[in-house]
Every structure is written in structure tokens, then in C-alpha cells.
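Hello,

I am handing over the structure below, followed by notes on what was found in it. Please keep it open while you read.

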Amino acid sequence: MSAASTTTSRIALSSAGATDGVTNWSGIQVLAPASGVRSPATIEELQTLVRTASAIRPVGSRLTYEPVAAVSASSTTALLLDLSSLPSGLISTTESTATFWANTSLDDALTALHPYDRFFDCTPGVIGVQTLAGAMGTGTHGQCMKQHAYVGDALVGALVVRPRDGALVNVTDRHELDALRLHLGLVGVLVSVTVATRALDVHALDKWTVPLPEFLDTYLDMNADADQAKAWWFPETGLCHLWVSSTATAAEAAAYTARDPARTSTISAANLGLVSAEAPAVSAASPAAADPLADTIARLAESMERESMGTAKATRALDTISRFRGATAGTTGTTRVYGTIKSLWMKGIPVPQINCEIAIPVSQFQAAVRALDSWHASRVAASPTGASPLSYPFIFRCTAPSTALLSAYPTENACWIGFLVYLAQDGTCPAASFDMMHEIQAVLAEFGGVPHLGKHMALELFRGNFATAYPHAPEFLRIARRWDPRSKLGNELTDRVMEYLVPSASRQLPAQL
């Protein structure tokens, strides 16, 4: 991302304000000039475009906030392939797999599996409107150390248009599938994907708030024991809000299903008449005691309004923190709700933002969080008003190792630490907020941190960590070169990413394995 200072101490994305072009979903990042967009309606049309064009970038829901999906700026003939007109939906199922058109959204794919009582054999991310191709292209992941966490980890087969000749290839080779699990649009254009599925289970989700020391001591154990775990840390309060879920007991699942046979809703334990030792009822003498995050959420809402120049409500930014209101009955109380992974966890709200997520080895978790706490304290101390620089809490999601060749730390569990800045409707944010994003990345780089490749990243900060974190990147590059020897699919950002991931000497590897 490039940025330019403005007279109001705000910065804008490099393409903000441009009108002659196709943008990402929020209208902030221009992906291609209008004259350079093609929308194939059939697979044959797609094959012809891939075969004949000199440079291409495929897009689906266009959710990315960064120019990862943009056409190459150095090519005057590059085409953006808008795949939204291609077929979507479920093609076929077996007892353990399902085949979808790659243009299908995550929401639609999981809804299509619902009547079969099946679910992806992975933990999807939180945003359901992205396409399956896009989720695999950018490394969408959930929050799980006990099973597959990346959407791409469920991939067992794919139909892909090969850039070198436009052929429609049925991919079953393990190494090529590992390249497609997280591919940055650099291998081929996905037409359909076959994913492994598992039984659709009812889950019990507990929500509660703990002090930072308790979070540091217990969070990794929670991840090892539970099916799903996620946390939001509010540094100015020293409090961490936790969501942890596991498969419901047979009695709990039966009570939930009796109330909602379709199994699409979220229902509280109280409404099901279920009380457990893990979810005690807590009475509080005051609203503040009943909701320990109430004051913090109110402060964040004010900060969001300032940061977004009064557009936080219009862009739904405020909705992203309202979920925390009244979520717990005090720091000693727990709220329990029931539902499926989709109804409980896929609650993300697309909002214009600069979104960053850094993976660190779980062995560095405590040290990294303490370093962030020290950084935050120093920023508060330096502020004339003593205010926190954050307008949203840090987000924590741990993942199990992945076989994707471009996954971070593929042989060990990783902890992803997310942070973000919301944008105004004109695509700007305070300059200080952009600086803050850079500072946080610099802190995490000291603990082996590496960036999510589909989000905002200051690549230069992580130069010393890439070789350790991405040991299979050279193999990915070999496969990408074999499929796309003329580099039709890349752009300036993906070129930079690969240059950082694969040292110059390794980039001279031959295209053939």
C-alpha cells in the first residue's frame, strides 16, 4: 500500500478518489481501468482469455483491501478477469467430499451442505461473502489448533485453467494441491474445487472476560483443549474477552435441535433451560460490574467516529464492537450459547479498513504480548491526553500447521495477532493510525512474526524471518513457474512478496521439478 500525507494529517490509499476503473468491494482500491476488465460467462470464454492475454489477474468478491488483486501497473494490456458471471453453487457430493464451482461464496457453500448434515473439514474464516477461490487464494483461516484451520486445507481436488496454454486441468497431485491451498493467484485460475467434509455438529460456545495475566497463562491451553478459541485484548483495561467452543454433549445438541430443527440460529443456554458449572449465573450490583467492557466499548465507539470522520455507523464499523456489549456478566461469569460453527463463528462484518495480521510461533506468544503491552503503555504515556492509540482491540487466533506451501510456520502451531484501523468513506485514515500499524508490525517482527499475505503488510520489517517461516516457498515458486512460465498472473505486489519469500539465488530455480 502506498500512502500520501494530506493537509488534515490524514492519509489516503494511493488509488482513493480514482473514478475510471473497477475497485475492490469498498470502492477504495482501483484494481484495473474499466477498459481492462473482462467478465467471462463460460469456462470456454475463460480459457480463451487466459490463453491469449499477456497479463491477467482473476477476482471474485473483490474483498481484499490491498492491491493483491490489481492488474500489473507496468502492463498496458493486462486484463482483470471478473469471475462473478461464472457458474456458482454445489456441483456434487459424496459421503466425505463436496465439489463446488470456485465462484461460490463460503456462505452459499456451507448453506448448500446443511441439508446433508455436512460441513467443511476445516475452520472457515469469519467473512462468508468471499468466494472459495478467493479464500484459498489469500489464505483465509479460522481459529483452531486441533484440526485444519485454513479453508485451503480442505482441498482434495480442483479444476484449474492453466496459464501457459489455457488448458482445463484436473489437479489431484498432492504437491500441486498444496500450491493451490494458498496461491495468491499465481498458479492458475480455479474453476471448481472439491473439499473434504465432516459431520455438521452443534457446538457450545462460552464467552467471558479475564485479566491479561490469566489470558497469558491459559490461552494456549484453551486452544489445545477446545475445538475453537478466539480472543480480543483491550490493552487500556488489561482485560481480554474470550470465545471458546467445543462440540456440545448429546443432551445439549438434542435440546438445541428440538428448539431449532434447521440448526441455523444461535440460542443461549438460558433459553434452552441449560445450566452448567462452566456457565454460572452472576448477579452484579452495577452495570459496570455486569459488563466490565462497557466503558471501553463506549470509548472505542467515540474513537471510531473520529477515525472515520463520522462515518463509522454508515460503514458498520460500530457493529463490530457492539457484539461485546453485555457479552459477559462480570469477569467471573460466563455466557454460553449454542449453534453450529457457521452460526457461532462466521460473524465477520466487511468494513473498509487497513487490516493486518501477523503470525508468530506459539512459543513466542507470551513474550510477544508482553512486548505489545509495553509498546502500548509507552504510547499512552506519550499521548498529551493519555489516550490509547487503538480504536479496536488486538485479535488472537491460533492455527494448526498447514500443508499449503505458502502457509506460515508449516511444521508448528502459530498464533495470529490481528489489528486494524477503520477508514472513512473517502478512503482516508489518521496519519498517526497508519504509523501505529507500522510500529506494531515492527514489535512482532522481533518475535519471528510474518504477515498474512492477503492483508496489509510492511514486508521490509520481516525480511529476516521469511526463510524460517516459509521453508516451502521455493517449491511453490517452482510449481507456479511450471504452470505460468511467462508470469501472466503476477503483479507488482505479488512480485515483491515472492522476492522476499524466495531469496534471489533460489529464484533462479528451473521451472521443471
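**Salt bridges across the chain**

R263 is buried, at a relative accessible area of 14% (buried means under 20%, exposed over 50% and partly exposed in between, with a 1.4 Å probe and protein chains only). This is a predicted model, in which local features need pLDDT of at least 70 and side-chain atom pairs pLDDT 80 or more, while totals for chains, interfaces and linings use all residues. Residues are numbered from 1 along each chain as its sequence is written, and side-chain values use heavy atoms, with hydrogens and water left out.

R263 pairs with D117 in a salt bridge, their closest N and O atoms lying 2.5 Å apart (a salt bridge is a side-chain nitrogen of Lys or Arg within 4 Å of a carboxyl oxygen of Asp or Glu). The two residues belong to distant parts of the chain, 146 residues apart: D117 is in the loop between α2 (106–113) and β10 (118–120), and R263 is in the loop between α6 (250–259) and β17 (267–268). Helices (H or I, at least four residues) and strands (E, at least two) are DSSP runs numbered from the N terminus.

D227 is buried at 12% relative accessibility, whereas K146 is partly exposed at 46%.

In the pair of E357 and K455, the closest N and O atoms of the salt bridge are 2.9 Å apart. E357 lies in strand β19 (residues 353–361) and K455 in the loop between β23 (450–451) and α13 (466–469), which puts the partners 98 residues apart in distant parts of the chain. E357 is buried at 3% relative accessible area, and K455 is buried at 18%.

R174, D178 and R181 form a network of salt bridges. The count for the model is 13 salt bridges.

**A buried charge without a partner**

Which side chain of opposite charge is nearest to buried D484? It is R486, 6.4 Å away, and D484 has no salt bridge (Lys and Arg count as positive, Asp and Glu as negative; His and the chain ends are not counted). D484 lies in the loop between α14 (473–483) and α15 (492–501). Apart from neighbours within four places in sequence, D484 is in contact with P163, L186 and L489 (contact means heavy atoms within 4.5 Å).

Helix α14 is largely enclosed by the rest of the structure, because 9 of its 11 residues are buried. Among them are F476, L477, I479 and W483, along with the charged residues E475 and R482. The cover over the buried residues of α14 includes β11, β12 (168–171), α4 (174–180) and α15.

**Helix α12**

Q441 is in helix α12 (residues 431–445) and is buried, with a relative accessible area of 0%. Leaving out residues up to four places away in sequence, Q441 touches C356, I358, F419, H456, M457, A458, L461 and F462.

L444 is in helix α12 too, and its relative accessible area is likewise 0%, so L444 counts as buried. Beyond its neighbours within four places in sequence, L444 is in contact with I358, I360, A368, L372, I417, F419 and G449. The C-alpha atoms of L444 and I360 are 7.6 Å apart, although 84 residues separate the two along the chain.

**The whole chain**

The chain has 15 helices and 23 strands. Of its 513 residues, 59% are buried. Among contacts with a separation of 6 or more, 73% are between residues 24 or more positions apart. The accessible surface comes to about 19,400 Å², and carbon and sulfur atoms account for 53% of that (areas come from the Shrake-Rupley method with a 1.4 Å probe; for residues, only the protein chains shown count as cover).

Regards
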